[in-house]
Amino acid sequence: MTNLLIAYLGLALMVSLPGIGSAIGVSIGANATVGALKKKDDAFGNYMLLSALSGTQGLYGFAAFFIFNSKGVLTPDITIVQAISFLAAGLILGVVAPFSATKQGQICANGIAAIASGNDVFGKTMILAVFPELYAILAFAAAFLISNAI
């Protein structure tokens, strides 16, 4: 029973912490959008895309949850190694994704403010916002590789 609890803790971390990070990152971008709309409301499409970009880290956590949940080992006789694999993957995503999402939200917010000031930086902001995303992708890939070992 303890092994099962460890595995469920890993799943909880896998979904909740990236989701929290994405909520914070998206909110940072959305707050910048509200301010930018006062200056230049015709660029709402660009603002919206940049605001939503930080939501992907939460999706990575949710996708990893489905990958791990589909393994069919979440039974009372789960081994300690399997349970720790769930926990390790949850910790990897749960630590990396929130930082990635909040930093990405900050980059996007600065890009939104620059667009509102009349600068044509949408594409450049998207490129720069991909850098923190890369680490969330690496964390997801690590979790995926751990899932293959179960």
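Phe68 counts as buried because its relative accessibility is 1%; buried means under 20% relative accessible area, exposed over 50%, and partly exposed in between, with a 1.4 Å probe and protein chains only. This is a predicted model: local features need pLDDT of at least 70, side-chain atom pairs count only at pLDDT 80 or more, and totals for chains, interfaces and linings use all residues. Residues are numbered from 1 along each chain as its sequence is written, and side-chain values use heavy atoms, with hydrogens and water left out.

**Overall layout**

- The protein chain has five helices and zero strands. Helices (H or I, at least four residues) and strands (E, at least two) are DSSP runs, numbered from the N terminus.
- Read from the N terminus, the element order is α-α-α-α-α.
- Along the principal axes, the C-alpha atoms fill a box of roughly 60 × 20 × 20 Å.
- The protein chain has 150 residues, and 39% of them count as buried.
- Its accessible surface comes to about 7600 Å². Carbon and sulfur atoms account for 73% of that surface. Accessible areas come from the Shrake-Rupley method with a 1.4 Å probe; for residues, only the protein chains shown count as cover.
- Take the contacts between residues at least 6 apart in sequence: 86% of them join residues at least 24 apart. Contact means heavy atoms within 4.5 Å.

**Nonpolar cores**

- In soluble globular proteins, nonpolar side chains tend to be buried together.
- The largest nonpolar core here has 15 residues. Met14, Phe68, Leu74, Ile78 and Phe86 have the most contacts inside it. A nonpolar core is a set of buried Ala, Val, Leu, Ile, Met, Phe, Trp, Tyr and Cys residues joined through side-chain atoms within 4.5 Å.
- Phe68 touches residues well along the sequence in both directions, including Leu11, Met14, Phe86, Ala143 and Ile150. Neighbours within four places in sequence are left aside in that list.

**Aromatic pairs**

- A pair of aromatic rings is described by the distance of the centres and the angle of the planes.
- Rings of Phe, Tyr and Trp (its six-membered ring) pair if their centres lie within 6.5 Å. Planes under 30 degrees apart count as stacked, over 60 as edge-to-face and the rest as tilted.
- By this rule there are five aromatic pairs.
- Phe62 and Phe66 make an edge-to-face pair, 4.9 Å centre to centre with 85° between the planes.
- Both residues lie in helix 3, four residues apart, or about one turn of the helix.
- Phe62 counts as partly exposed because its relative accessibility is 41%. Phe66 is also partly exposed, at 47%.
- Phe68 and Phe86 form an edge-to-face pair, 5.1 Å centre to centre with 70° between the planes.
- This pair links distant parts of the chain: Phe68 is in helix 3 and Phe86 is in helix 4, 18 residues apart.
- Phe86 is buried, with a relative accessible area of 0%.
- Phe62, Phe65 and Phe66 form one aromatic cluster.

- Gln104 is in helix 4. Gln104 is buried because its relative accessible area is 1%.
- Beyond residues up to four places away in sequence, Gln104 touches Leu53, Ser54, Thr56, Gln57, Ala129, Pro132 and Glu133.
- Thr33 is in helix 1. Thr33 is buried, at 6% relative accessible area.
- With neighbours within four places left aside, Thr33 is in contact with Phe44, Tyr47, Ser51 and Ile112.

**At the surface**

- Leu37, Phe44 and Met48 form a nonpolar surface patch, with about 260 Å² of accessible area together.
- Patches are made of residues with over 30% relative accessible area and no salt bridge: like charges are joined within 9 Å, nonpolar side chains (Val, Leu, Ile, Met, Phe, Trp, Tyr) within 5 Å. A salt bridge is a side-chain nitrogen of Lys or Arg within 4 Å of a carboxyl oxygen of Asp or Glu.
- Phe44 lies in helix 2 (residues 44–52). Phe44 is partly exposed, with a relative accessible area of 40%.
- Ser70 sits in the loop between helix 3 and helix 4. Ser70 is exposed because its relative accessible area is 58%.

**Distances across the chain**

- Ser70 and Ser147 are 77 residues apart in sequence and 9.9 Å apart in space, C-alpha to C-alpha.
- Ala88 and Ala30 are 58 residues apart in sequence and 32 Å apart in space, C-alpha to C-alpha.
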